[in-house]
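Subject: Structure for you to look at

Hello,

Here is the structure I said I would pass on. Please open it beside this message and follow along; my notes come after it.

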Amino acid sequence: MFATDDGAVFRHHDIAELHAVLSGFDLGDERRIDVVTMNGHRSQAVQLPARKP
């Protein structure tokens, strides 16, 4: 977890943690995308839409 100077808070989780946290939700199609971090590093992100049943 880290915060930026303007107050934004970021948390990094692996996909298993996300699935566990969202276990009570209906999950949409998981999409993994390549991104560039705020420091210019390449990383992979996931978009995981969730809806309350």
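Two strands pair if DSSP finds at least two bridges between them. With that in hand, Arg31 has Gln47 in E5 as its bridge partner. In the same way, Val35 is partnered in E5 by Ser43. Together E4 and E5 form a hairpin, with 5 residues between the strands. In the turn sits Gly40, which has a positive phi of about 85°.

Please keep in mind that this is a predicted model.

Overall layout

The protein has 1 helix and 6 strands. Along the sequence the pattern reads β-β-α-β-β-β-β. The radius of gyration is 13 Å, while the globule rule gives 10 Å for 53 residues, so the protein is more spread out than a compact globule. The C-alpha trace spans about 35 × 25 × 15 Å along its principal axes.

How many of the residues count as buried? Of the 53 residues, 6% do. The accessible surface of the protein comes to about 4700 Å², and carbon and sulfur atoms account for 50% of that surface. As for contacts between residues at least 6 apart in sequence, 29% of them join residues at least 24 apart.

The start of the chain

Met1 is in the segment before E1. Is Met1 buried or exposed? Its relative accessible area is 72%, and the cut-off for exposed is over 50%, so Met1 is exposed. Leaving out residues up to four places away in sequence, Met1 touches Val9, Phe10 and Arg11. Met1 and Asp34 are 33 residues apart in sequence, and their C-alpha atoms are 20 Å apart in space.

Phe2 belongs to strand E1, which is made of residues 2–3. With a relative accessible area of 36%, Phe2 is partly exposed. Phe2 also takes part in a nonpolar surface patch of about 290 Å², together with Phe10 and Met38.

Ala8 is placed in the loop between E1 and strand E2, the latter being residues 9–10. Ala8 has 29% relative accessibility and counts as partly exposed. Not counting residues up to four places away in sequence, Ala8 touches Phe2 and Ala3.

The helix

Where is Ala16? Ala16 lies in helix H1, which takes in residues 15–21. The relative accessible area of Ala16 is 52%, so this residue is exposed. Ala16 and Gln44 are 28 residues apart along the chain, and 15 Å separates their C-alpha atoms.

The salt bridge

How many salt bridges does a search of the whole structure find? The search finds 1. Glu30 forms a salt bridge with Arg32, and the closest N and O atoms are 3.0 Å apart. A salt bridge needs such atoms within 4 Å, so a distance of 3.0 Å passes. Glu30 is partly exposed, with a relative accessible area of 33%. Arg32 is also partly exposed, with a relative accessible area of 48%.

Regards

Definitions and conventions:
Residues are numbered from 1 along each chain as its sequence is written. This is a predicted model: local features need pLDDT of at least 70, side-chain atom pairs count only at pLDDT 80 or more; totals for chains, interfaces and linings use all residues. Side-chain values use heavy atoms; hydrogens and water are left out. Patches are made of residues with over 30% relative accessible area and no salt bridge: like charges are joined within 9 Å, nonpolar side chains (Val, Leu, Ile, Met, Phe, Trp, Tyr) within 5 Å. Accessible areas come from the Shrake-Rupley method with a 1.4 Å probe; for residues, only the protein chains shown count as cover. A salt bridge is a side-chain nitrogen of Lys or Arg within 4 Å of a carboxyl oxygen of Asp or Glu. Helices (H or I, at least four residues) and strands (E, at least two) are DSSP runs, numbered from the N terminus. Buried means under 20% relative accessible area, exposed over 50%, partly exposed in between (1.4 Å probe, protein chains only). The radius of gyration is taken over C-alpha atoms; the globule rule is 2.2 Å times the number of residues to the power 0.38. Contact means heavy atoms within 4.5 Å.
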